[in-house]
Amino acid sequence: MPDGSVRRQFTPEATIGPFYPGAFLTDVPQDLWTVAPLVAHHPSGQPIVFVARFLDVLKRPVPSLVVEFWQANAHGRYRHPQDQSAAPLDPQFDGFARVRTSDDGVLRFMTIRPGAHPVNSGGGAIRAPHLRLTIFASGIDRLVTQVFFDDEPLNQSDPLLQSIADARVRDRLIARRRTESGEDDAIEYQLDIVLRGDDETPFFDDWTE
Amino acid sequence: MRSGRVLPVVVNDRESERRTPAKPLYRIPDAARDPFTPCAPLPPLRAGENDLTRLAPGRPQAGGEAIAITGRILDEDLRPVRRTLVEVWGANAHGRYSHVIDAGRNDAPLDPNFYGFGRLVTDDEGRYHLRTIKPGAYIARRDIGWWRPPHVHFSIVGSGVRLVTQMYFPDEPLNEKDYIFLIVPEADRDRVIGQPAASQHGDRAFRFDIVIRGRFQTPPDLD
């Protein structure tokens, strides 16, 4: 932006507060394994369950926190008008979901493991498979971060993950693989996301310059 | 690498104090920067979802003052955000939300004709129009006498833009005492206050334009 006057035009963000309507959750996909009840079509790829627990500075669970997930399909392609990569779209996969934490601060997100993909702004770097999280809750404005998988060798060269110098901090973005969850041969990954505190999860600044 | 913004904490708001990250936000390196804010598919909307004053078309009108809110939604290049989902919610005329969470801490009555949430999709010029009940103020913390002024919550999710904000009303003395309003930098406060506009079908009307960071990507089916 050329000067501060343009910057000041933006509408300030605010918290969703404590009264975010549940109706806004039920009309948006919450489970990306299935396209609709009793439909035989399914997205391509490895089904996974991402189990996230959200904690505050006192390590207490954060209930009714809302996460919007956004991810590439199994081939590494986003259903986004600017993704012109050669990787195919998956007719059964849009990659967007909205999930709320329960009273114990935990959400379970059923999805497929996203594919790796080249950085879409060019430059040739390869992004390791990851989930993109936009986080809303009472008391906080919108937060964004990305979550990786601990059994993925490409993490070693992911430009976002490796931009965090401290390995202990990087680890806070890497979900741990647990045993097979038993649900349709899905692999389960788990991660604690700490909103504030000594072992705070890294969140990113996505405001444009 | 420079670090990013430090997010402000809302004073006297325990949830803000316990949940707002304390460290500066991390900057996204250029090598990982791409424009992919979620491209949420539009859910099907029912008729009348932009009229919060009735549970459904033909049903009785809720109590309180019916108002119209209109505006345009623009991206950072001031281009219209077309056919994007706008979700709105707010308290009833008594300052009570229909949400179950409000049941235990708010003595104000529910209104059987008001749920207080609705949705709409912007037109090709980024315009939206909704009708609701002017929300009442309500007490957020009795122990310190913190009242929330009347406000309407807005959420915009589309291809390339994402914003959640709250619209306040002009000439409300409670605005200047509200800790959530006061977190907005002084120079920006006008941008979260709806401006009086010509009445619409007898309803008092407010104009609320929204400018969102990010560049809206027109989906191919809209080209």
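Reader: Which residues does A:Y189 touch, not counting residues up to four places away in sequence?

Author: This is a predicted model, to start with. In it, A:Y189 touches A:I48, A:F50 and A:V51, then A:F149, and also A:A175, A:R176, A:R177 and A:R178.

Reader: Which strand does A:Y189 lie in?

Author: Strand 10 of chain A, residues 187-194.

Reader: Buried or exposed, and why?

Author: A:Y189 counts as buried because it has 24 C-beta neighbours inside 10 Å. The cut-off for buried is 20 or more.

Reader: How far apart are A:Y189 and A:D205 in space?

Author: They are 25 Å apart, C-alpha to C-alpha. In sequence, 16 residues separate A:Y189 and A:D205.

Reader: New topic, the two chains. How many residues does the contact take from each?

Author: Chain A puts in 57 residues and chain B 58.

Reader: Which elements of chain B supply at least two residues each?

Author: On the side that touches chain A, those are helix 1 (14-19) and strands 1 (26-27), 3 (85-90), 9 (161-168) and 12 (210-211) of chain B. Strand 9 of chain B gives the most, five residues.

Reader: And what is that side of chain B by class?

Author: It has 31 nonpolar, 16 charged and eleven polar residues.

Reader: Which strand of chain A pairs with strand 1 of chain B?

Author: Strand 11 of chain A, residues 204-205. The two run in the parallel sense, over two bridges.

Reader: What stands opposite B:Y26 there?

Author: A:F204 does, with B:Y26 sitting in strand 1 of chain B.

Terms used: Residues numbered from 1 in each chain as written. Chains lettered and ligands numbered in written order. Predicted model: local features only at pLDDT ≥ 70, side-chain atom pairs only at ≥ 80, totals over all residues. Contact = placed C-beta atoms within 7 Å. Helix = DSSP H or I, 4+ residues; strand = E, 2+ residues; numbered from the N terminus. Nonpolar A, V, L, I, M, F, W, Y, C, P; charged D, E, K, R; others polar. Pairing = 2+ DSSP bridges. Buried ≥ 20, exposed ≤ 12 C-beta atoms within 10 Å, placed from the backbone.
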